[in-house]
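Subject: Structure for you to look at

Hello,

Here is the structure I promised. Please open it next to this note and follow along.

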Amino acid sequence: MGEAEVKPKKAGPVQCSICSQRRAALKRPKTLEQICRECFYAVFEEEIHRVVVDNQLFKPGERIAIGASGGKDSTVLAYVLSELNRRHNYGLDLFLLSVDEGITGYRDDSLETVKRNEIQYGLPLKVVSYKDLYGWTMDEIVKMIGLKNNCTFCGVFRRQALDRGAAMLKVDKLATGHNADDIAETVLLNILRGDIARLSRCTSIITGEDGPIPRCKPFKYTYEKEIVIYPYSFLQNLNRIYTYAYFKRLDYFSTECIYSPNAYRGFAREFIKDLERIRPRAILDIIRSGEKFRISTSAKMPEQGTCERCGYISSQKWCKACVLLEGLNRGLPKLGIGRTRGLNNGLECDTKQSNGVKNIQSKQCGTLDF
């Protein structure tokens, strides 16, 4: 008889590489360490705490608005900042700030999640809407402009809406849930567009210090896959990754915006994900590269001033929101799309003299005067 076939022994459960006491529950995307759930909580929260402390994001006694969409990033940010504020005695007054863009079947549902978060985390909530601020909802804008350029309108309006809401709350800073993936995508987008002005500041952890309300990004070095679970199709060659929002059973809204499938950023996102599959640290490497960029002294940078119509920060005569609103109100929605420097300078500033254009001063054009 031949030698008996030796059956390979089954591998036992993998122990946590940090505590060596509990069974590993996940593999960290950033480091590929296999760790238990309790150690993951600890390292995830400690990394964010270190980012807050090392970058002096907050000062005791400050009022901080958390941009809350009901999605994974902002929900985890609200939860973690609440926990760290209590645990490390930051001394902050925290608020939730949401923007209602007026997207039926998307934002109305996600705002219900934010309202539950308000109760769950005990944080006051302020909601501002495009309809109240600008006189338009995104549903109405899309009917006029179509799906091709709608994200241009939404991005410009949302930024001003957040600033206006933050001003209403009289906060010192606005914290957003932008994660490492978002920032790496932005670096790539600004390179592809040749946007030198934004490229020089897109990796800054605090921005807008010369504007109405500074913004900070506590998740700057936090991978998206550590915040929330990814679809299995993306992880077909890896162990399924269960992450913070999943383990903590946080209440968040996971549906993507119905108007965003054609957004330019989506192509950059897919490229970043392809890089990450090959080299997990690619995301951090792109951010580090962005941090090291030096803009030539010969490059002409836009000079920041204020919009003549609404008083919002702008490098042009009119801010982008006022230009876009002028087009909408005239029935010429493409008026503010693309390069608008010459157009901007030639616009008539007195809307009272324009034919059939409703006055978009005050509440409709993003002014921060209340």
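Over residues 305-335 the chain is 35% helix and 13% strand. The end C-alpha atoms of this stretch are 22 Å apart. Helices here are DSSP runs of H or I with at least four residues, strands are E runs of at least two, and both are numbered from the N terminus. UniProt, in an unreviewed entry, lists residues 305-335 as "domain: Cytoplasmic tRNA 2-thiolation protein 1 C-terminal". UniProt positions follow the numbering used here, feature names are shortened, and annotations may be inferred rather than shown by experiment.

A word on the source. This is a predicted model, in which local features need pLDDT of at least 70 and side-chain atom pairs count only at pLDDT 80 or more, while totals for chains, interfaces and linings use all residues. Residues are numbered from 1 along each chain as its sequence is written, and side-chain values use heavy atoms, with hydrogens and water left out.

Now the whole chain. The secondary structure comes to 14 helices and ten strands. Of the 370 residues, 50% count as buried. Buried means under 20% relative accessible area, exposed means over 50%, and partly exposed is in between (1.4 Å probe, protein chains only). Take contacts between residues at least 6 apart in sequence: 68% of them join residues at least 24 apart. Contact means heavy atoms within 4.5 Å.

Ala 68 lies in the loop between β3 (63-67) and α2 (72-87). Ala 68 counts as buried because its relative accessibility is 8%. Residues up to four places away in sequence aside, Ala 68 touches Ser 74, Leu 96, Leu 97, Ser 98 and Val 114. Asp 73 is in helix α2. Asp 73 is also buried, at 13% relative accessibility. With the neighbours up to four places away left out, Asp 73 touches Gly 177, Asn 179, Asp 182, Phe 219 and Ile 227.

Then look at His 178. His 178 lies in the loop between β6 (173-175) and α7 (180-193). With a relative accessible area of 37%, His 178 is partly exposed. The His 178 side chain makes a polar contact with the side chain of Thr 176 (2.7 Å). A polar contact is a pair of N or O atoms within 3.5 Å; within protein, one must be able to donate a hydrogen and the other to accept it, and residues adjacent in sequence count only if both atoms are side-chain atoms. Beyond its neighbours within four places in sequence, His 178 is in contact with Lys 217, Phe 219 and Lys 220.

The axes of α5 (residues 138-145) and α6 (residues 150-169) come within 10 Å and cross at roughly 145°. Axes are lines fitted to C-alpha atoms, for helices over the stretch in contact, and angles run from 0 to 180 degrees between N-to-C directions. Met 138, Ile 141, Val 142 and Ile 145 in α5 meet Asn 150, Phe 153, Cys 154 and Phe 157 in α6.

Last, a backbone point. Phi of Leu 32 is near 65°, a positive value in a residue other than glycine. Leu 32 is in the loop between β1 (26-27) and β2 (34-35).

Best wishes
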